[in-house]
Amino acid sequence: IEEAGWEDDWGEQPAVERKDISALKALTQELRFPNSTSEITLLILRFASDIFQRGVLFMAGGDEIIGLGQFGIEIEGADEKVRMLALALRDSPFLTRIVSESRTYKGTVDKDPVTESMMEEFGGGWPSEAALFPIIAEGKVAALLYCDNLSTGEAISETEGLEIFVSQAGLALEKSLLQRRLQEMQSKMDMR
């Protein structure tokens with residue numbers, strides 16, 4: 001008598017691992033020992049590019065967000081233009097709410113002077129939905145990841161893996177900032 005396998009017993013195929021979870025497993029190892037904050041930035045963008053068609057990572061500080069990096073922005077000199085982008089939060093109730101609530105947002109992007117300017121800088125067009133992921137370090141939003149699928153209009157898929165990764169990236173960023181402060185303190189003590 002031949003034993004039936006799992007598939008025969010239940011009549012189902014084993015679950016295929018979601019794209020965001022496979023990426024989470026692969027990139028979390030790299031995030032454990034980053035060499036710099038720019039390496040953390042690149043890992044965040046790399047992970048997000050597996051799920052979304054385009055995205056921009058902003059550094060958040062004070063009352064503005066400043067472009068750090070991008071993927072999928074199809075304009076000439078996209079990297080340079082994104083790094084020159086500085087958006088005032090005070091002029092955007094939408095972005096201010098996302099930063100102050102410090103929670104992932106998925107849905108439509110409210111139109112205001114800043115979001116309209118942002119979309120124009122990204123090459124025009126308005127996505128039917130977008131996802132924004134605040135990256136928290138030392139208890140405050142240190143960066144903000146904006147993503148959408150404007151080029152295809154494809155619905156946003158599962159993002160739990162990216163949300164977990166962004167949370168881990170915030171911790172890695174804290175660790176990196178702490179290490180830098182300790183090195184600065186050590187060098188000051190060595191100078192005495």
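Axes are lines fitted to C-alpha atoms, for helices over the stretch in contact, and angles run from 0 to 180 degrees between N-to-C directions. The structure is a predicted model, in which local features need pLDDT of at least 70 and side-chain atom pairs count only at pLDDT 80 or more, while totals for chains, interfaces and linings use all residues. Residues are numbered from 1 along each chain as its sequence is written, and side-chain values use heavy atoms, with hydrogens and water left out.

The chain contains 7 helices and 6 strands. Helices (H or I, at least four residues) and strands (E, at least two) are DSSP runs, numbered from the N terminus. Along the sequence the pattern reads α-α-α-β-β-α-β-α-β-α-β-β-α. Taken along the principal axes, the C-alpha atoms fill a box of roughly 80 × 50 × 30 Å. The chain has 192 residues, and 39% of them count as buried. Buried means under 20% relative accessible area, exposed over 50%, and partly exposed in between (1.4 Å probe, protein chains only). Contact means heavy atoms within 4.5 Å. Among contacts between residues at least 6 apart in sequence, 58% join residues at least 24 apart.

Helix H2 covers residues 19-32. Its 14 residues should span 20 Å at 1.5 Å a residue, and its end C-alpha atoms are 21 Å apart, which agrees. The expected span of a helix is 1.5 Å times one less than its number of residues. H2 has a kink of about 30°, centred on Ala 26. The bend at a residue is the angle between axes fitted to the seven residues ending there and the seven starting there. Asp 20, Ala 23, Leu 24, Leu 27 and Leu 31 of H2 are buried. An α-helix has 3.6 residues a turn, so residues three or four places apart point the same way. The cover over the buried residues of H2 includes helix H3 (37-49) and helix H7 (160-191).

Two packed helices are described by the angle between their axes and the distance between the axes. For H2 and H7, the angle is about 10° and the axes are 9 Å apart. H2 is therefore roughly parallel to H7. Angles under 35 degrees count as roughly parallel, over 145 as roughly antiparallel, 65 to 115 as roughly perpendicular and the rest as oblique. On the H2 side, the residues that meet H7 include Asp 20, Ile 21, Leu 24 and Leu 27. Their partners in H7 include Leu 162, Ile 164, Phe 165 and Lys 175. By class, this contact has 9 nonpolar, 3 polar and 4 charged residues. Ala, Val, Leu, Ile, Met, Phe, Trp, Tyr, Cys and Pro count as nonpolar, Asp, Glu, Lys and Arg as charged, and the others, Gly among them, as polar.

H2 also packs with H3, at an angle of about 170° and with the axes 10 Å apart. That makes H2 roughly antiparallel to H3. Here Asp 20, Ala 23, Leu 24, Leu 27, Glu 30 and Leu 31 of H2 meet Glu 39, Ile 40, Leu 43, Arg 46 and Phe 47 of H3. The contact of H2 with H3 has 7 nonpolar, no polar and 4 charged residues.

H3 has 13 residues. From first C-alpha to last, H3 reaches 19 Å, close to the 18 Å expected at 1.5 Å a residue. Its buried residues are Ile 40, Thr 41, Leu 43, Ile 44, Leu 45, Phe 47 and Ala 48. The cover over them includes H2, H7, strand E1 (54-61), strand E2 (64-71), strand E5 (130-137) and strand E6 (140-148).

Thr 41 lies in H3. Its relative accessible area is 17%, so Thr 41 is buried. Leaving aside neighbours within four places in sequence, Thr 41 is in contact with Leu 57 and Leu 68. Ser 176 lies in H7. Ser 176 counts as buried because its relative accessibility is 13%. With neighbours within four places in sequence again left aside, Ser 176 is in contact with Ser 36, Thr 37 and Ile 40.

Most residues other than glycine have a negative phi, and most peptide bonds are trans. Ser 102 has a positive phi, near 55°. Ser 102 is found in the loop between helix H5 (93-101) and strand E4 (105-107). At 31% relative accessibility, Ser 102 is partly exposed. Glu 138 also has a positive phi, near 55°. Its place is the loop between E5 and E6. Glu 138 has a relative accessible area of 36% and is partly exposed.
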